[in-house]
Amino acid sequence: MKSVSVFLNYSGAEHTKETVKEFYSAGTVEKVFLLCAEGNTPAIEGCELLQTGSAISSAAVKLMAEKCATDFAVYVPQDTALSLGQFALERMLTAALTTGASFVYSDYYEVKSGSAAAHPVIEYQSGSLRDDFDFGALLFINSGHLKKAVSLYADEEFNSAGWYSLRLKLTTLAKPFRIQEFLYTKLESDVRKSGEKLFDYVNPRNRAYQVEMEKAVTAYLKYTNGYLKPEFKKIDLKSEAFENEASVIIPVKNRKGTVGDAISSVLKQKTNFKFNLIVCDNYSTDGTTEIISAIAKKDPRLIHLVPERKDLGIGGCWNAAAHHPSCGRFAVQLDSDDIYSDENTLQRVVDKFHEENVACVIGSYRMTDFDLNEIPPGIIDHKEWTAENGRNNALRINGLGAPRAYYTPLLRQYNFPNVSYGEDYAVVLRFSREYQIGRIYEPVYMCRRWSGNSDSELSIDALNKHNFYKDKIRTLELEARLNLNKK
C-alpha cells in the first residue's frame, strides 16, 4: 500500500534527483513533493513543486499538512544527498503504527570528506526543547497528528521556526519515537569541530533566527502551562553577615598553562569592598598545584583549597568552595582557562547585584584564541535574555553566558550537580525559577578557545552524552515549573 508522501527540501541541486529515485524505489511512497524557495526551480519528473520559501517555514509545514493525502509523511528539512537503508521506510512505518508516535526518527550514517561514519542520535524527552535537537535528516510523521498540530494553537508566521514550532506541537499530541538503528545515509557538509559549532546559537548574524525560535517556544510553554510570568520573589542581600563581599571561585585540574593568568586577573581587581579568591584544586598532577601554592604564599587573598573528597567534578568543586567558611556574600565564576577583561569586572558584577537586587548576575564575554586575539563570533552577550522572558527562553538554549555570579546563601541551598558539564546551566535555571537574573551586556570576561578546552573536539558519543544530560536538566526544571504553576 502506498502509505507515504515525501516532502524534500529542494534548491535545484542534482543530488535531489537521486534522492527522489531512492524514495520511489522503496515501494511505499505515493508522491514526492519538493519544497522550493523560488518558483523558477527546475522540475523533477514525478514530483510536485511547492513554493514555500524556507523549507522549515510555517508556510512549508502548512503546505505539507494540506497536500499530504497518505497516512504518513516523510519530511527531509535539510538539502542533502540521502540514501535509504534496507527496508528503512517499512521499519519506520512499523514503528509508527506500533507506537502511535507523533513522528519517528532514527540513527543514521553520515558521510564527511568522503568517509562514512555512524551517527547515533538520542532519546527525546520533555526537556528536549532546544531548537538544535538532532533528529537527523529524515522525519517520519503521522499525517493525522500533522494536520491537527498545524492549527493546534495560534502562533506567528515563521520563516525559520516553522518546523520547530510544529515539532513542539506534535509532542503535545503523542511522543516521538527513536529507532536505535542506522536506517539511512546522509551527506554532511558541516565538517567543523564541536568547539567551532558550539557558539552558533549566539552568533549575532543568527539574531533574527533566535527571535523566531524564542517566540515559538514561548507559545508552546504557555500552551502546556510551563510558562513562568515575569513575577519574582524579593530577596534581601543583607540578611547575613560576611567577612568578604565577594569570592571568585576557580575550579581547576591540570591547567598549568592557564591557571596563573586566571589567578592574576582576579588579584589585580580594583574594588571598594573586600574580596578573596578560592581556587579549588581537584588533585592536579601537572604542576598546577605548585603554581597555586606559590602564589598563595605571597597573597593571603588566595585560598588554595584541596577538597577532602576525590569524587568531585566541576560542580562538586564549586560546592566545596561555596561552602567554605571564607566564601563571600557573592560567589563569582572564573574558569581556569579564562581571564577577566580588566580590573573592574568584579566591581561591576557586585554593583549589579545591589543596583537591581537580584539573586544571580550573568555577564558577557569576548571569544579569543590562546593569545587573547579576538576570534569569531567575537562578543557573546546573550541579548536574547530579557527580564520578562529570559527564564522561559533559557529552556531552549544550551548556555546562559559568563561570568556567572550567585548570592551565596541561595547557592548553598541549591548546590551544583556534581558533574563537569552543564552544572552551571542547571544552577542558573534553578535560580531563575524564582528569582530575577541581572545581566551585564558589555564584555567583562575573556573566553579563551584552544585545543585544551574540554569541548574543543568531542566525539559524537561524547556530544550526545552532554546533550542528553542538558535535556535531562531541562526535563527536571520543566517538571518543577509545571508543578509550581499547578499550585
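Two strands are taken to pair if DSSP finds at least two bridges between them, and the helices (H or I, at least four residues) and strands (E, at least two) are themselves DSSP runs, numbered from the N terminus. The structure described here is a predicted model, in which local features need pLDDT of at least 70 and side-chain atom pairs count only at pLDDT 80 or more, while totals for chains, interfaces and linings use all residues. Residues are numbered from 1 along each chain as its sequence is written, and side-chain values use heavy atoms, with hydrogens and water left out.

## Strand β15 and its partners

Strand β15 covers residues 360-368, and because eight of its nine residues are buried, the strand is largely enclosed by the rest of the structure; buried here means under 20% relative accessible area, exposed means over 50%, and partly exposed lies in between (1.4 Å probe, protein chains only). Strand β16 (residues 374-380) runs antiparallel to β15 and is joined to it by three bridges, with Thr368 placed opposite Glu374 of β16. The hairpin formed by β15 and β16 has five residues between the strands, and in it Leu372 adopts a positive phi near 70 degrees. Strand β17 (residues 404-407) is also paired with β15 in the antiparallel sense, over three bridges, and here Val361 faces Ala405 of β17. With strand β18 (residues 437-448), by contrast, β15 pairs in the parallel sense over eight bridges, and Ser364 stands opposite Pro443 of β18.

Strand β1 (residues 4-10) runs parallel to β4 and is joined to it by five bridges, with Phe7 opposite Tyr75 of β4. Strand β8 (residues 139-142) is joined to β4 by four bridges in an antiparallel arrangement, and Asn142 of β8 is the bridge partner of Phe72.

Strand β9 (residues 177-187) is joined to strand β5 (residues 82-84) by three bridges, the two running antiparallel, and Thr185 of β9 is the bridge partner of Ser83. Strand β6 (residues 103-112) pairs with β9 in the parallel sense over seven bridges, where Tyr105 has Arg178 of β9 as its bridge partner.

## Helix packing

Two packed helices are described by the angle between their axes and the distance between the axes. The axes are lines fitted to C-alpha atoms, for helices over the stretch in contact, and the angles run from 0 to 180 degrees between N-to-C directions.

| Helix pair | Axis separation | Angle |
|---|---|---|
| α8 (residues 259-267) and α9 (residues 288-298) | within 10 Å | roughly 25 degrees |
| α5 (residues 162-173) and α7 (residues 207-224) | 9 Å | about 15 degrees |

Angles under 35 degrees count as roughly parallel, over 145 as roughly antiparallel, 65 to 115 as roughly perpendicular and the rest as oblique. Helices α8 and α9 are therefore roughly parallel to each other, and α8 passes α9 in a right-handed crossing; a crossing is right-handed if the near helix is turned clockwise from the far one by less than a right angle, and left-handed if anticlockwise. Contact means heavy atoms within 4.5 Å, and Val259, Gly260, Ile263 and Leu267 of α8 meet Thr288, Ile291, Ile292 and Ile295 of α9. The residues of this contact of α8 with α9 comprise six nonpolar, two polar and no charged, where Ala, Val, Leu, Ile, Met, Phe, Trp, Tyr, Cys and Pro count as nonpolar, Asp, Glu, Lys and Arg as charged, and the others, Gly among them, as polar.

Helices α5 and α7 are likewise roughly parallel to each other, and their crossing is right-handed. Tyr164, Ser165, Leu168, Thr171 and Thr172 of α5 make the contact with Met213, Ala216, Val217, Tyr220, Tyr223 and Thr224 of α7. By class, the contact of α5 with α7 has seven nonpolar, four polar and no charged residues.

## Buried helical residues

Seven of the nine residues of helix α10 (residues 314-322) are buried, so the helix is largely enclosed by the rest of the structure; among these buried residues are Cys317, Trp318 and Asn319. Arg433, which lies in helix α14 (residues 423-434), counts as buried at 18% relative accessibility. Leaving aside residues up to four places away in sequence, Arg433 touches Leu228, Arg391, Glu477, Ala480, Arg481 and Leu484. The C-alpha atoms of Arg433 and Leu478 are separated by 9.7 Å, with the two residues 45 residues apart along the chain.
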